Amino acid sequence: MSAMHLGPPPAPNQLWVEPQHPGNQNAGQPAGGTGARRSSPARARFPGAARRRRPARRPEAGPGRPGGAAQEGAAGPGGGASPAARASPGPRLRAVSAGRGTRRSSREPLRDVGGVSGEPAGGRTWRRGAEAGGCRASGAAPRAGLAELEGAGERSAGGPRGPGERTAAGPVASAAAPGERGGDGAPGRVGTGASALFAGLQDLGVANGEDLKETLTNCTEPLKAIEQFQTENGVLLPSLQSALPFLDLHGTPRLEFHQSVFDELRDKLLERVSAIASEGKAEERYKKLEDLLEKSFSLVKMPSLQPVVMCVMKHLPKVPEKKLKLVMADRELYRACAVEVKRQIWQDNQALFGDEVSPLLKQYIVEKESALFSTELSVLHNFFSPSPKTRRQGEVVQRLTRMVGRNVKLYDMVLQFLRTLFLRTRNVHYCTLRAELLMSLHDLDVGDICSVDPCHKFTWCLDACIRERFVDSKRARELQGFLDGVKKGQEQVLGDLSMILCDPFAINTLSLSTVKHLQELVGQEVLPRDSPDLLLLLRLLALGQGAWDMIDSQVFKEPKMEVELVTRFLPMLMSFVVDDHTFNVDQKLPAEEKAPVTYPNTLPESFTKFLQEQRMACEVGLYYVLHITKQRNKNALLRLLPGLVETFGDLAFGDIFLHLLTGSLALLADEFALEDFCNSLFDGFLLTASPRKESVQRHALRLLLHLHHRVAPSKLEALQKALEPTGQSGEAVKELYSQLGEKLEQLDHRKPSPAQAAETPALELPLPAVPAPAVL
């Protein structure tokens, strides 16, 4: 098993560098965006179109008759109405909305190119503390929103356009761009934003608003100049000269016609770009796309044509570095990029990638913690109920999978972020995400990543065990083979394996399998030390529980298992199983054979000591408590509850255990009517930690919300007073307490008052007279 290689580590104590986040820097303008304007740009024509000379006289533009230049707000700089313009005969064509950029100004054929080289994977190292990765602290404010993560710029041809886009944004319409006055009879000015927006057309030899302005400034016959400009820059098909007036007769604006033509051409161009990207040899198609990008990139800021440029960049495996820098320097262009282009930016900008990933990681943790505090209490529908494949379909995992794609370097960055946050917070949900991301890539058959991750096959096998909630003998041997296969010099792979085993779903599966094996050993009369499968389960549990210490210390060795755990603690749990079995058998005996047997209520002192001093013993012991609770074994639960008050690392008051315990307690709903049971559960266990741990108070309130109608009124009143929030309590506790108060008020209204019950007269019905039977 070869170690997975990651990129070079960041500088010590420099976990984050100031990201080069896309902004509106002037240096990021595309070439030609603000260049000098040529007075006579070359016209892009259809074949057979006659070349026309530009007029040199200045006309007065006005809102002519239907089909005129000023219709639908497309007036020139003058913007006023002119009688001569309304009376001018002959059909007039409107300029196509920026769509003339789709016509090639050069008829040069596309040339062939060489191939595109791949990118080798770097070397991966484990780093601790500030050197463990490149992820910002979880509280850092992200610079990019969630809506920007999946290539928000991949807009379809007919989709919504940006706020700066004109629906008729051609040379004539551009004269009414933002920043100028139109329609009030005063000369307008083309704003700097509009000039930059359409400046790229000049590089392609296509006229724009500046050209129209110059034409109207230098001409003497404005109507003829406008008509000639429309004819030159409209759709140059002879048949349209006679067909367009029919649109006027039907009341269809020329704007709608030209916009529909433009949209259709853009759709066809997008389809053609996608076809080029999938046809022929790689060298040829990439060369065609590179040439197309070079000629069209100057139009990247035009919202109407931006999807075409972005589509070309999307299909290029390696966008030229200069283009990437221009995109990264402009926030709007960066947002409009497809995720395929963003990957090429992220792989060389770890801080920028961290800003994109950070909100997703935070959202993932919030979702997991919310699931643990769900108001629903059920054994069948709890935190561990969803299957692994269902969990991998979650929003965060799918977004991360799409962001990573097949890029090994980005995958390594995500792993570094997860390790860093796990070290900082000890939050085991980051371990879950590490396994889910790998298996999500496995589902998509991303061999580029799965083949270089040494944990892939181990995670795949463990995922199957989690799906079945049990580790059988066959898969146990497979897992053992992976652990034993770690070669000398590659021990750091154990760090990844331990993090995957630290996943709560893995811990849950291993613990449930351990308890089940102990029960089977009781029937087989076999000691724990003589069971290889049980010893392997304990080995995996120890490796998972020691993940944080291993990564923090950088000592990649399997933790040594305590001998007393196998020789003393596990046999003690087996004796508890025997006590339960013996008591149940005695209760089923006939009355004449039944001896007065009481369930043992004393707890060995060594059991409590094991729970306090050894993490492994505590984990197995807690899952045994969950097991007996699911079996509705009230006697065993009351016997073991006092030993849970003080445990290793307060594991008994952890959110995961309390979530499972409260769900299992729902099966013992009838027992909550007994005051002794409530005293042992609440006063003897939950309330001992609720003052210092708010999460325990939340779980206690969740339990009462579900079973309050079963609790005796006097006890319920005392519990309500004991769980009352303080000034320092969080909003979640206050909300739960408020819900409990509402439930109790509804419960009080349903019960009749004692006075009403006393005043209700007894219903006495007279018995009907029945004749006596005749005496024979």
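Predicted model: local features only at pLDDT ≥ 70, side-chain atom pairs only at ≥ 80, totals over all residues.
Local features were taken at pLDDT of at least 70 and side-chain atom pairs at pLDDT 80 or more, while totals for chains, interfaces and linings use all residues. Residues are numbered from 1 along each chain as its sequence is written, and side-chain values use heavy atoms, leaving out hydrogens and water.

**View A. Val309 in helix α9.** Val309 sits in α9 (residues 306–314); helices are DSSP runs of H or I with at least four residues, numbered from the N terminus. Its relative accessibility of 2% makes Val309 buried (under 20% relative accessible area, with a 1.4 Å probe and protein chains only). Beyond neighbours within four places in sequence, Val309 is in contact with Leu293, Ser296, Phe297, Leu299 and Val300, where contact means heavy atoms within 4.5 Å. Leu292, 17 residues away in sequence, lies 8.6 Å from Val309, C-alpha to C-alpha.

**View B. The two faces of helix α30.** In α30 (residues 675–683), Phe677, Cys678, Leu681 and Phe682 are buried. They share one side of α30 because their arc around the axis is only 105°, taken from the directions from the helix axis to the C-beta atoms. These buried residues pack against α28, α29, α31 and α32. Glu675 and Asp676, on the face turned away, are exposed (over 50%).

**View C. Asp445 in a loop.** Asp445 lies between α17 and α18. Though not a glycine, Asp445 has a positive phi of about 60°. With 60% relative accessibility, this Asp445 is exposed.

**View D. Arg469 in a loop.** Look between α19 and α20 for Arg469. Its phi is positive, near 60°.
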